[in-house]
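Student: Could you go through this structure with me? I would like to learn where its labels come from.

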Amino acid sequence: MQTTYQTAAVHNNGRLLRSALRGNGVFSTLSGFLFLLMPTAVATFLGWPTYGWLLMLVGAVLLLYAGLLFWEARKPELNRGFAKTAVFMDLAWVIGSALILLLGTPALTIGGMWAVGLVADAVLVFAILQAIGLRRLA
């Protein structure tokens, strides 16, 4: 009976991490497609009309990242190293966004500032949920 309880507890402990990885994957997929399919419109909205090519590159990377997130979330046994890497990559995104907002380079429109800030907030939420999910696995 104790073994059944322990197995169920391990499965339930992984539920938050799996959900966070999937949510992050959905958000990354949507963002990636937006950047790939509408780079000029997004770049103009942000105030970076000449950076459409960069948004396409970021979009492609986001789609690859999303695929890895979904792949990992489907595995029977979660890879803690991968999950830690996902947390650190999300935190790097948040730090990069904060630097863009604080330094003002490249310059953003008001809407662009809000968009960068809100996306960074969402990414931070995923990083926090993934970190909590990791702790629950321990």
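This is a predicted model: local features need pLDDT of at least 70, side-chain atom pairs count only at pLDDT 80 or more; totals for chains, interfaces and linings use all residues.

Student: What makes up the chain, in terms of helices and strands?

Tutor: The chain has 5 helices and 0 strands, and from the N terminus on its elements run α-α-α-α-α. Helices (H or I, at least four residues) and strands (E, at least two) are DSSP runs, numbered from the N terminus. The C-alpha trace spans about 60 × 30 × 20 Å along its principal axes.

Student: Why is Gly133 called buried?

Tutor: Buried means under 20% relative accessible area, exposed means over 50%, and partly exposed is in between (1.4 Å probe, protein chains only). Gly133 has a relative accessible area of 0%, so Gly133 is buried. This residue is found in helix 5. Gly133 and Ser19 are 114 residues apart in sequence, yet 9.0 Å apart in space, C-alpha to C-alpha. Of the 138 residues of the chain, 33% count as buried.

Student: And why does Ile95 count as exposed?

Tutor: Ile95, which lies in helix 4, has 53% relative accessibility, and therefore counts as exposed. Compare Val125 in helix 5: its relative accessible area is 44%, so Val125 is partly exposed.

Student: What makes the nonpolar patch a patch?

Tutor: Patches are made of residues with over 30% relative accessible area and no salt bridge; nonpolar side chains (Val, Leu, Ile, Met, Phe, Trp, Tyr) are joined within 5 Å, like charges within 9 Å. Ile95 and Val125 are among the members, and together the patch has about 1000 Å² of accessible area. Such areas come from the Shrake-Rupley method with a 1.4 Å probe; for residues, only the protein chains shown count as cover. Helix 4 and helix 5 each supply at least two residues of the patch, and the largest share, 6 residues, comes from helix 4.

Student: How do you know that Glu72 forms a salt bridge with Lys75?

Tutor: A salt bridge is a side-chain nitrogen of Lys or Arg within 4 Å of a carboxyl oxygen of Asp or Glu. The closest N and O atoms of Glu72 and Lys75 are 3.3 Å apart, so the pair meets the rule of within 4 Å. By this rule the count comes to 1 salt bridge. Glu72 is buried because its relative accessible area is 3%, whereas Lys75, at 29%, counts as partly exposed.

Student: What lines the largest pocket, by class?

Tutor: The lining has 24 nonpolar, 5 polar and 1 charged residues. Ala, Val, Leu, Ile, Met, Phe, Trp, Tyr, Cys and Pro count as nonpolar, Asp, Glu, Lys and Arg as charged, and the others, Gly among them, as polar. The largest share of this lining, 7 residues, comes from helix 4.

Student: What is noted about the peptide bond from Thr105 to Pro106?

Tutor: That bond is cis, with omega near -10°. Most peptide bonds are trans. Pro106 has its place in the loop between helix 4 and helix 5.

Technical notes: Residues are numbered from 1 along each chain as its sequence is written. Side-chain values use heavy atoms; hydrogens and water are left out.
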